Amino acid sequence: MRKYYRVAILAIAFLFILSGCQERNQNVDEEKEVKETMNPSVQIDPEIDLSSEQMTSIIIEFKTKPAKIAVLEAEAKGIPLTIEEAKEKVEESHATFQKELESLLDKNQVPYKVRNTYKTALNGVSMEIPANEIIRLAEASSVISKIHPNKKIQLNPPISPSDQK
């Protein structure tokens, strides 16, 4: 009788091990699928529903740093870079992105609207685009680094000691 219990316990343990292996293989397949469809150098926030056809407001951050930050980083690395050269690189990244938009989205008649351009705190743009076109834009672009959802954030001010009375 004890022999049957041992065999049963071993069989159950074996089944648990097999089921865990199948889950891992499924996860590996899903990861491969994601890697194949996304440009690995572009980070897209997972909050964005990439399957939606609705217009989505996003913030695109370019690979080129804002001029002042680029100068400080170059200085820290001992690389000579003037503010004028850094500003020129920022302008070039915006011009390149505009050309990419025209060749990719205008050519395919995809609706979009660039809302704002940013060149000081970050280098990039905010825009509206159908969510299902974000991957295509990310894969085709040579200047995009990150894509974030454009959402309002409200900070609560800290409570000062005089407010606690």
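**Entry 1: Glu 53**

I looked up Glu 53 and noted that it counts as exposed, at 66% relative accessibility. I took buried to mean under 20% relative accessible area, exposed over 50%, and partly exposed in between, with a 1.4 Å probe and protein chains only. The model is a predicted one, in which local features need pLDDT of at least 70 and side-chain atom pairs count only at pLDDT 80 or more, while totals for chains, interfaces and linings use all residues. Residues are numbered from 1 along each chain as its sequence is written, and side-chain values use heavy atoms, with hydrogens and water left out.

I located Glu 53 in the loop between β1 and β2. Strands (E, at least two residues) and helices (H or I, at least four) are DSSP runs, numbered from the N terminus. Setting aside residues up to four places away in sequence, I found that Glu 53 touches Pro 130 and Asn 132; contact means heavy atoms within 4.5 Å.

**Entry 2**

I then traced the strands. There are five in an open sheet of mixed pairing, and their order is β1-β5-β2-β4-β3. Two strands pair if DSSP finds at least two bridges between them. β1 (43-44) and β3 stand at the edges with a single partner strand each, so one side of each has no neighbour in the sheet.

I went through the pairs in that order. β1 and strand β5 (residues 144-149) run parallel and are joined by two bridges; here Gln 43 stands opposite Lys 146. β2 and β5 are antiparallel over five bridges, and Ile 59 has His 148 as its bridge partner in β5. Strand β2 (residues 55-62) is also antiparallel to β4, over seven bridges, with Thr 56 partnered by Ile 129. Strand β3 (residues 113-118) pairs with β4 in the antiparallel sense over five bridges, and Thr 117 stands opposite Val 125. A hairpin of five residues leads from β3 to β4.

How many residues of strand β4 (residues 124-130) are buried? I noted six of its seven.

**Entry 3: the loop residue Asn 123**

I checked Asn 123, in the loop between β3 and β4. Is Asn 123 buried or exposed? Its relative accessible area is 1%, so Asn 123 is buried. Its side chain makes a polar contact of 2.7 Å with that of His 94. A polar contact is a pair of N or O atoms within 3.5 Å; within protein, one must be able to donate a hydrogen and the other to accept it, and residues adjacent in sequence count only if both atoms are side-chain atoms. Beyond four places in sequence, Asn 123 touches residues including Ile 60, Phe 62, Pro 66, Val 90 and Tyr 118.

**Entry 4: the nonpolar cores**

I next examined the cores. A nonpolar core is a set of buried Ala, Val, Leu, Ile, Met, Phe, Trp, Tyr and Cys residues joined through side-chain atoms within 4.5 Å. The largest has 21 residues, and among those with the most contacts inside it are Ile 58, Phe 97, Met 127 and Leu 137. Two or more residues are given to this core by each of β2, α3, β4, α4 (134-140) and β5. The largest share, four residues, comes from α3.

Another core, of six residues, lies apart from the largest one and includes Ala 70, Val 71, Ala 74 and Leu 81.

**Entry 5: an aromatic pair**

I found one aromatic pair in the structure. Rings of Phe, Tyr and Trp (its six-membered ring) pair if their centres lie within 6.5 Å; planes under 30 degrees apart count as stacked, over 60 as edge-to-face and the rest as tilted. Phe 62 and Phe 97 form a tilted pair, 5.1 Å centre to centre with 50° between the planes. Phe 62 belongs to strand β2 and Phe 97 to helix α3, so the pair ties together parts 35 residues apart in sequence. Both Phe 62 and Phe 97 are buried.
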